Amino acid sequence: MSATSALRIALIYPELLGTYGDGGNALILQARSDWRGQPAEVVPVPAGQPLPSDCDVYLLGGGEDEPQALAAAGVRSGDLAGAVAGGAVVLAVCAGLQVIGTRFPGTDGHLHDGAGLVDLDTAPGTPRVVGDLVVQPRPETGLPLLYGYENHSGRTTLGEGVCALGGVRRGLGNGAGQRDERGRGYEGVWAPTGRGLVVGSYLHGPVLAQNPHLADLLLEAVCPDLPVADPHDPRLVRADSAAATLRAARARQTRVR
Amino acid sequence: MLGRGSGEVIGGKVALQLHPGVLAELAAGRDIATVSGTNGKTTTTRLLAAALAAVGPVATNGGGANMTPGVVTALAAPPRFARAAIEVDEIYLPQVAPALRPAAVLLLNVTRDQLDRSNETRRIAGMWRSLGAQLPDTVAVANVDDPLVVWAALGFARQVWVAAGQRWELDAAVCPACAALLQRGPGRWACPSCGLARPEPSVVTAAADRIEIDGRSRRIRLRLPGVVNAGNAAMAAAGARVLGIDPATAFAAMGAVRDVQGRYREVMLGDRSARLLLAKNPAGWLEMLELLEATEPRPVLIHFHARVADGRDPSWLWDVPLERLGGRDVHVSGERAEDVAVRLAYAGVPCTVHRDPVAAANAVGGADMIDVLATYTAFRELLLVTGEITEIEEEPA
């Protein structure tokens, strides 16, 4: 994207994919971009509307089964793949992660088609997993531990050659039995695609609230010449010192650090 | 009358073990109205009990013990045939109501409460809807502003439709009947696919001090603040009318209710006078923000836990427009104070984090009353800390 125009953050179908507070990810990206001198705007895409093709970041959150199926139909009819090939970044959480794959289960166990943006598919599973999720991100991301909360019954399998976002230190994550070389279960998906990047995860929290480094990574992926933040900006200091305290508390509670 | 919760539960548990049919026996031959919903059930039950008390003795579980044992204990209290205003947990209603055979079931709202639970709202509404077939003589007193409630109430043979308000819309984006996207506008909603739509209400909450019944506008004087409580009063009045109490009598009696289980109560917290507000989910938060804005901006303390009874995932904070606290002096305490602090940082609202609510209250400058917003278990803790109760009853599962 060019440095002069505003960064456009699409919040996709918040009425359908907004059940678990994931809309917060949009607020966080907007604020952090703004604080670094790059104006940003959140573009809510109401359910029933086609996906815009001119956004820089696309956010999909968690939702219940029936709204999820409705959201998938909308996402399928758009051209998310084209936007990513052109340099856009996608962050897809929980139901969103399932929607960007090839298939996911609905209410009655019936399988729905996903948007097929990434080669992953989700099968129904029991039990539903609800609890803390801590992820060791893959080293090339340069990210510290990711803390959050998972709440899903899907079991997600990554296709041949598709990378996980990281390995599970606490919780279930993708839960389909795939493991990394350290024996950790896969969590989420990490898929640099064309000039863009697709990141998927089961982490709620919302994920960027507890993991501001991931927010910065996404912003830098879409906007490589993003200026460095002024470390004394009081807004940034407030947010990051609060997040640091929160992360320390999460580390204590989950005993993962 | 606070702090009797565990007593309310234990007596009922013993009775149920000795005689499982006890509930139906206690309920037989009396006029009962139940109250269920995610938000407002304790307050509405209190208002309904006040209305019923205007014409005779009342049995009620005013302590909020709203599962089967608590209901048994409430009905076992003499006199034997007193009218009853019974709060019932939304998930327990299908279990309890067939035994009670209530004249009226008040259905307030169904919204997200604990994010740990899943597909909860549609499932609860579906359970209520099926209940209708078992209760052919029961009137559903239902809030038309919540599509899930309307769909549930249509499972009953008869309805009284009440516009009780529902600012929060995100849990009913899709049609509960057919899952198509609902169309919404001010004071209306409709499904373009199956035709489910907001029924015409006979009782309408027009303002904090005005309710219309059958087209006639009435001034009401509640001590409980805000439009949200006028909505609760409208539901209670409609329920009382099914039990034969006229609205004028009902509203007059409701005007005497000052606080409900500590909600809206003014207490001393440390050295400060403080008004206690329960805000346990985003729908409740929206109503409380509205209420805060109805008076001059006071300092605010948010006391926040995420224990099992609160829901262990506090992500819903991001669904609450905390930006609206901008310009106030905001303080935070509780086990998940850090989650609130991060949320407020991105809302552009500076805050101070304190180790406990008393320290927080004492640290607030000036002499104004402070408004304290607390989640469910945090609220219980505040009642304990301020000496309003002496023990914390067991947390609901």
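**View 1. The loop of chain A that holds P206(A), between β12 (196-201) and α5 (207-210) of chain A.** Helices and strands are DSSP runs (H or I of at least four residues for helices, E of at least two for strands), numbered from the N terminus. The peptide bond that leads from G205(A) to P206(A) is cis, with omega near -10 degrees. The model is predicted, so that local features need pLDDT of at least 70 and side-chain atom pairs count only at pLDDT 80 or more, while totals for chains, interfaces and linings use all residues. Residues are numbered from 1 along each chain as its sequence is written, and chains are lettered from A and ligands numbered from 1 in the order in which they are written.

**View 2. The cis peptide bond from P78(B) to P79(B).** For this bond omega is near 0 degrees, and P79(B) lies in the loop that runs between α4 (68-76) and β3 (83-87) of chain B.

**View 3. Positive phi at C94(A) and at A179(B).** C94(A), in the loop between β4 (89-93) and α4 (95-99) of chain A, has phi near 55 degrees, a positive value in a residue other than glycine. A residue is called buried if 20 or more other C-beta atoms, placed from the backbone, lie within 10 Å of its own, exposed if 12 or fewer do, and partly exposed in between; C94(A) counts as buried because it has 27 C-beta neighbours inside 10 Å. A179(B), which is found in the loop between β6 (158-163) and β7 (183-185) of chain B, has phi near 70 degrees, again positive in a residue other than glycine, and with 18 other C-beta atoms within 10 Å this residue is partly exposed.

**View 4. The buried residues of helix α6 (residues 212-222) of chain A.** P212(A), L214(A), A215(A), L218(A), L219(A) and V222(A) are buried in this helix. These residues lie on the same side of α6(A) because they cover an arc of only 160 degrees around the axis, the arc being that of the directions from the helix axis to the C-beta atoms.

**View 5. The contact between chain A and chain B.** Chain A contributes 33 residues and chain B 23 residues, where two residues are in contact if their C-beta atoms, placed from the backbone, lie within 7 Å. On the side of chain A that touches chain B, at least two residues each come from α1 (24-35), α2 (65-76), β7 (120-137), β8 (146-158) and α7 (234-254) of chain A, and the largest share, 7 residues, is that of α7(A). By class, this side has 17 nonpolar, 10 polar and 6 charged residues, with Ala, Val, Leu, Ile, Met, Phe, Trp, Tyr, Cys and Pro counted as nonpolar, Asp, Glu, Lys and Arg as charged, and the others, Gly among them, as polar.
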